Amino acid sequence: MEQLKTIGRELAMGSQGGFGQSKEFLDLVKSIGEARSKAEEDRIVLSEIDILKRKLLEPDIPKRKMKEYIIRLVYIEMLGHDASFGYIHAVKMTHDDNLLLKRTGYLAVTLFLNEDHDLIILIVNTIQKDLRSDNYLVVCAALNAICRLINEETIPAVLPQVVDLLNHQKEAVRKKAIMALHRFHRKSPSSVSHLISNFRKRLCDNDPGVMGATLCPLFDLITEDVSSYKDLVSSFVSILKQVTERRLPKSYDYHQMPAPFIQIKLLKIMALLGCGDKSASEIMYMVLGDLFRKCDSSTNIGNAILYECIRCISCIIPSPKLLEAAADAISKFLKSDSHNLKYMGIDGLGRLIKISPDIAEQHQLAVIDCLEDPDDTLKRKTFELLYKMTKSSNVEVIVDRMTDYMISINDNHYKTEIASRCVELAEQFAPSNQWFIQIMNKVFEHAGDLVNIKVAHNLMRLIAEGFGEDDDDADSKLRLSAVESYLQIMSEPKLPSLFLQVISWVLGEYGTADGKYSASYISGKLCDVADAYSSDETVKGYAVSALMKIYAFEIASGRKVDVLPECQSLIEELLASHSTDLQQRAYELQALLALDARAVESILPLDASCEDIEVDKDLSFLNGYIQQAIESGAQPYISERERSCMLETTDYHSRDHHEVPSHALRFEAYERPKPSSLPTQASTELVPVPEPSYYSEAHQPISTSSVSERESSEIKLRLDGVKQKWGRPSYQSSTSASSTPPQAANGTSSHPDVGVGSSSLKPRSSYESKKPEIDPEKQRLAASLFGGSSSSRSDRKSSSGGHKPAKGTASKPPKENPIPVQPPPDLLDFGEPTATSVTATDPFKELEGLMDSLSQDGGSTDVMGVLYSDAAPVTTTTSVDSLLSELSDSSKGNPGTYQSQTSKGPNSKEALEKDALVRQMGVNPTSQNPTLFKDLLG
Amino acid sequence: MIKAVMMMNTQGKPRVAKFYDFLLVEKQQELIRGVFSVLSSRPENVSNFLEIDSLFGPDSRLVYKHYATLYFVLVFDGSENELAMLDLIQVLVETLDKCFSNVCELDIVFNYSKMHTVLDEIVFGGQVLETRSDEILKAVEEISKLEAASNSISLVPKSVSGWRGGR
């Protein structure tokens, strides 16, 4: 045993600073190390558990012994055995005054217990006491423990102490207190929501380490709500600038990089804040440019920062210069020998390609190298990139590659993912339906059990509906090719159930359609399927239905039907099946065989799977029967709505608590409050409900821009009325009545989201080889993957235009749809207001004011200039103190406002309106939280 | 956020496993085994990254580094930077190396609680707390000193104390 060679040295080392272990423990570790098998190891551990159980029961265990037992418990639990019998001793140990024992106790309980464990209640008191300790190490130990042991209910018990510790004199304690508060925020945001301002305050801490720690919670907070933190953009930028200028103490350097982990966090935060915000992005340009120049790409951590810059640039609205710098960095990554850097390069390429689609072209050969790399991680990342850059000109090559890879791997999780991607791409960009069916066959054959059942329905629908144009010839060709391919595939053993369902359905529907295959041939095949997969009831059901269709078509066309002997035996078998569904199908088939041609034709008309079935919802054909019954004294029918009104309260109950079976004793008095609370809940799901104050404002008909908001409030009103009148049950019954979907005939449910576009195959532009020394095979692949940029983009545009008439495509907007190279910034800004339309100030009054100053647009930009002059230039004072001063400067500079710069023609009224909306977006968040600024200022 | 820190040897035996969200012991074992089976099937000279959604849920990444007989593994989500995490492993190993002077697998096994002390100074509640190995070392030493001082009774049993003079 290799690791045992060093045991002598280890034993000689003995204990360092009190971390000693006994001979028994060493023996235990040693014997486990020598164990030849898992069984032997288990045996050793079990006997150890026995020993510990016995020893822990002994009275008056010396403390040092106890400590060792606890460590041994931790060890056996790490090996996967239950040590719960000793938990209580670990809990007891946290109460000890001795620091070593206390820390051991805390270590053990944090590893053993979860926050909801019963024993936690015994620790909370100790934690409270320890948080107040004079010894900062005790405080740190307690802070460490609360991260794991405190849940939503116990947070209030320790919260005051933790908040006090934010001002502790030791920076290590402040840092951990911030982290603990962050942890609370993650667990239960509401319990610390009033303390969030502390994070801002600590951003100005004298200690850079504490400031760095604050970035973690701020990152989370900004992820949740970007707009409230826009005012900090210039602060973050100036912090980053100071870090890169090496203003921090030398001790923060790591591999000659100044505080790289802080830089990375800052870049992540900037990416969030600059997303879709032109003016915020512009503030960042300088420092990002500096980073690209300064970063040392020879160290790992330097590359980490470079990558983070690329990521940041892909999120914000970048300048062309930065894009170029990012592209350069990516090409360095891709050219590197390190797989890690290649991985980062591919990842960066995938991010940047959304902004500038041309960028991939320069790196096509590198990408193809990565695709053929033995490293699976890199390969998958590259497939992800290809998935992002798929368009109709390269879909065939990419999807072929993907399916090949899908077939080659065993990892079911990833197989599912890549299969669904293949399907998605094929549905979105398929150049022809034949190709689509081929790909689908491949996917089903190799990953059929992993794909969504919807995919199967989509495929059946496609085959049934064909091209959607009135080209019957092409449709029947498509069906024939499908039938032929299925007949071929069917002979393979062990096909996935879902695929067999599709095959059975298609064979039943179209197997005999154009006379190439005889009914007996197809039905024989179907019987084989039912026979070979006799344990799969769904497949059998599909097969029997298919048989029924085939015989029906035969009968309807006047031919004599010979039921094959194996088919006959199948029917007989199913007649006695345990599955009622199969039984029913078998009986129906049997009944059908006895009917005459005319009746059969109306039951199962030929090729009618796309026809809607008219459902007589009122069951009018039964009217006579009902009349007769009433005349002979029967009670008339009471509709469900009327009944549900009578039983409303009990209905509520049963709906809300499905798991409570007995509600007979509940009476109305209990349930009264519920109906009123339920509708509001439901309405929030449907419509974003504005706050009451805003709600009243929305009715002031002032400007055109409020139309959409008023609309939404109107919708809400209507919904309210509906629910208060009828309550929930009536709501449901009405939807169930009206939402009977247009059910397709012959058994397939029609799903609205068939994504098969009818986009035709565009001619590929040939790849002009620039480097003749490269393997022509690769070049060909590259050419087919990347194509010519100009043709591809026009291709994209035309395909998006062509999608409109195609059925179904519109329902699934393709992710990689033609993104204009750079959307006009005001559009992007304009998109935001709807997202956070709850405003505290009156937007319309502001808008009015802006309309008045229509001609004074130049003046308002001047104001912005003044605002920025305070924030933008970075003072050259040193160290962290300057961070503080700048922070307060910038917040003084724009009191409650953060204005976005937009450059537009001064006379465009529309632009001004948008501008006003943008402003109002910038204004709200800070004015909602004026106290935050007080904190920052002093 | 960092979801887990693991160290395991090349035979798949866990040496340290710390999960920053509570998981049942069985689940922990399953994850450790899962991670090991993925790691052991990786060829030499490939990247140190893995996308490991199948084990840890969506958007999970894993960075590992192989030192002598040990795998150091970090599992984290999309809010961390892969290359930086690789350096965090480096920080951890550097610190351990200074702590135990030329660290080996057994140091980690036998100094379980010290190992955790070091780890707790680096990663706190799933967030990176400190990356300067000198600072980490200082903190750990301070703890050891105080622990030793507060500890009047000798915690080293007689059977081992004989070796103490060896160093």
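**Ground rules.** I worked with a predicted model, in which local features need pLDDT of at least 70 and side-chain atom pairs count only at pLDDT 80 or more, while totals for chains, interfaces and linings use all residues. Residues are numbered from 1 along each chain as its sequence is written, chains are lettered from A and ligands numbered from 1 in the order in which they are written, and side-chain values use heavy atoms, with hydrogens and water left out.

**Entry 1: the sheet.** I looked up the strand order in chain B and noted an open sheet of five strands, β2-β1-β5-β4-β3, with antiparallel pairing. Strands are DSSP runs of E with at least two residues, helices are runs of H or I with at least four, and both are numbered from the N terminus. Two strands pair if DSSP finds at least two bridges between them. At the edges I found β2 (14-19) and β3 (49-51) of chain B, each pairing on one side only. Neighbouring strands are turned against each other by 15 degrees on average, direction ignored. For such angles, axes are lines fitted to C-alpha atoms, for helices over the stretch in contact, and the values run from 0 to 180 degrees between N-to-C directions.

**Entry 2: the helix on the sheet.** I then checked what packs there: helix α1 (residues 25-40) of chain B touches β1 (2-9), β2, β3, β4 and β5 (70-77) of chain B. Its direction makes about 65 degrees with that of β1(B). Contact here means heavy atoms within 4.5 Å.

**Entry 3: strand partners.** Three bridges pair β3(B) with β4 (residues 60-67) of chain B in the antiparallel sense. I located B:Leu50 opposite B:Leu62, and B:Phe49 opposite B:Val63. Between β4(B) and β5(B), also antiparallel, I noted eight bridges. B:Tyr67 has B:Leu70 in β5(B) as its bridge partner. These two strands form a hairpin with two residues between them, and B:Ala68 in the turn has a positive phi of about 45 degrees.

**Entry 4: chain B against chain A.** I found 82 residues of chain B and 83 residues of chain A in the contact. The two chains bury about 8,100 Å², 57% of it on carbon and sulfur atoms. Buried area is the accessible area (1.4 Å probe) that two parts lose on being put together, summed over both. On the side of chain B, B:Leu83, B:Phe110 and B:Phe124 lose the most area, together 10% of what that side buries.

**Entry 5: salt bridges.** A salt bridge is a side-chain nitrogen of Lys or Arg within 4 Å of a carboxyl oxygen of Asp or Glu. A:Lys265 forms one with B:Glu80, the closest N and O atoms being 3.9 Å apart. A:Lys55 lies in helix α3 (residues 38-57) and A:Glu24 in helix α2 (residues 23-34) of chain A, 31 residues apart.
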